[in-house]
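Here is a friendly walk through one structure, site by site. Have the viewer open and follow along.

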Amino acid sequence: MSNGAIVGTTQIVDHGPASKRWNIVIMGDGYQAAQLGQFATDVDRIVATLFATAPFDSLRQAINVFRVDVSSADSGAADPVACGGTGANPRTFFGARFCGDGQIQRLLVVEDRIALATAQQQVPQFHLAMVIVNSTIYGGSGGAVSVFSLARGAEEIALHELGHSAFNLADEYQYWAGCGVDAPGTHDRHPPEEPQQPNVTIDPDRGRIKWASLVQAATPMPTTVNPNCGTCDPQPSPVPPGVVGAFEGAHYHHCGAFRPAFNCRMRGLGFPYCGVCQAIIRATLLPFMPN
Ligand SMILES: [Zn+2]
């Protein structure tokens, strides 16, 4: 018996021809045929959230959105016992499962190959593929596809994950599994290689830093230094919210890597994208705005 079927595609936001706009495809996994009405509601909610979020709020004319209805044989997502889950293993079209690395339950993944092929088949000119997973367990991931569940705050997970999927933004947080959760010594110092993503760096020099044009002369550089590389830096921000500088502790390490702002959606859910992340998103979408 199959794991499900593609039911059809509906364009729900139309701001012009797909050849000239930035096209988002939103698919669902673990929704049975009778739950596709709920899926449509879930999609509408994430689109409303996206268009209310800076900088997308001022770039909405650049964006088209397509909803791809996909039915799964069973409801939900796999939840392996290895990560403390129930052991549920439903048959779903995109194979959604928590515990994607075998260690961390919140790492919710799908079969990227199937998701990308489906998006490509339904909307050949897509730029971002998202999969909403019909589960209330907290989780998400952002590789080639942005994946997130229906847990409270799922929209926030989506906004964080699409930063990875569509804009090559790095995680700005300074741990892997969590502060005090990672094995001692495993995330103290960032390797001495410069990350290729635009929103983290190993070089906080005012003149050389990747986001130099966004740093004001009065902002100390680096803006914070972690006094104890054995732990996450507990100090509060010395500057007002939103100030762009160089804050030590980023890209999964306590020291040796810097993030552009004290807080950012790429550091923690519930915060706005920082000035650097907003600038990257804006630069990517501006070519798709109508003249
Ligand atoms: Zn950021």
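Predicted model: local features only at pLDDT ≥ 70, side-chain atom pairs only at ≥ 80, totals over all residues.

Gly 230 belongs to the loop that runs between helix H3 (154-167) and strand E7 (247-250).

Which residues does Gly 230 contact once its neighbours within four places in sequence are left aside? They are Asp 188 and His 254.

## The zinc site

Now turn to the metal. The zinc ion has as its protein donors Glu 172 (OE), Cys 264 (SG), Cys 274 (SG) and Cys 277 (SG), at 1.9 to 2.3 Å from the ion. Why is the arrangement tetrahedral? The four donor atoms subtend angles of 100 to 124° around the zinc ion, and all of these fall between 85 and 135 degrees, the range that the tetrahedral label requires.

Along the chain, the spacing of the donors reads E-x91-C-x9-C-x2-C. Glu 172 sits in the loop between H3 and E7, while Cys 264 sits in the loop between strand E8 (253-259) and helix H4 (275-285), so this pair ties together parts that are 92 residues apart in sequence.

## The buried side of H4

The zinc donor Cys 277 is also one of the buried residues of H4, which are Val 276, Cys 277, Gln 278, Ile 281 and Leu 285. An α-helix has 3.6 residues a turn, so residues three or four places apart point the same way. The cover over the buried residues of H4 includes strand E2 (22-29), strand E3 (63-72) and H3.

## Rings and charges

How many aromatic pairs does the structure hold? There are nine. In one of them, the ring centres of Trp 22 and Phe 167 are 5.4 Å apart and the planes meet at 20°, so the pair is stacked. Trp 22 comes from strand E2 and Phe 167 from helix H3, so the pair ties together parts that are 145 residues apart in sequence. Both Trp 22 and Phe 167 are buried.

Tyr 173 and Tyr 252 make an edge-to-face pair, because their planes stand at 70° with the ring centres 5.7 Å apart. This pair also links distant parts of the chain, with Tyr 173 in the loop between H3 and E7 and Tyr 252 in the loop between E7 and E8, 79 residues apart. With a relative accessible area of 11%, Tyr 173 is buried.

Ring pairs also join Trp 22, Phe 56, Phe 167 and Tyr 273 into a cluster. Arg 265 lies over the face of Tyr 273, 4.8 Å from the ring centre.

## His 160 in helix H3

Last stop: His 160, a residue of helix H3. His 160 has a relative accessible area of 7%, so it is buried. Its side chain reaches the backbone oxygen of Arg 265 at 2.8 Å.

What does His 160 touch, not counting residues up to four places away in sequence? The contacts are Asp 171, Tyr 173, Arg 265, Met 266, Leu 269 and Tyr 273.

Definitions and conventions
Residues numbered from 1 in each chain as written. Heavy atoms only, no water. Helix = DSSP H or I, 4+ residues; strand = E, 2+ residues; numbered from the N terminus. Contact = heavy atoms within 4.5 Å. Donors = N, O, S within 2.8 Å, 3.2 Å for Na, K, Ca; no water. Tetrahedral: all angles 85-135°; square planar, octahedral: opposite > 155°, others 65-115°. Buried < 20%, exposed > 50% of the residue type's maximum accessible area, 1.4 Å probe, protein only. Phe/Tyr/Trp six-rings, centres within 6.5 Å; stacked < 30°, edge-to-face > 60°. Lys NZ or Arg CZ within 6 Å of the ring centre and 35° of its normal. Polar contact = N/O pair within 3.5 Å; in protein donor to acceptor, adjacent residues only side chain to side chain.
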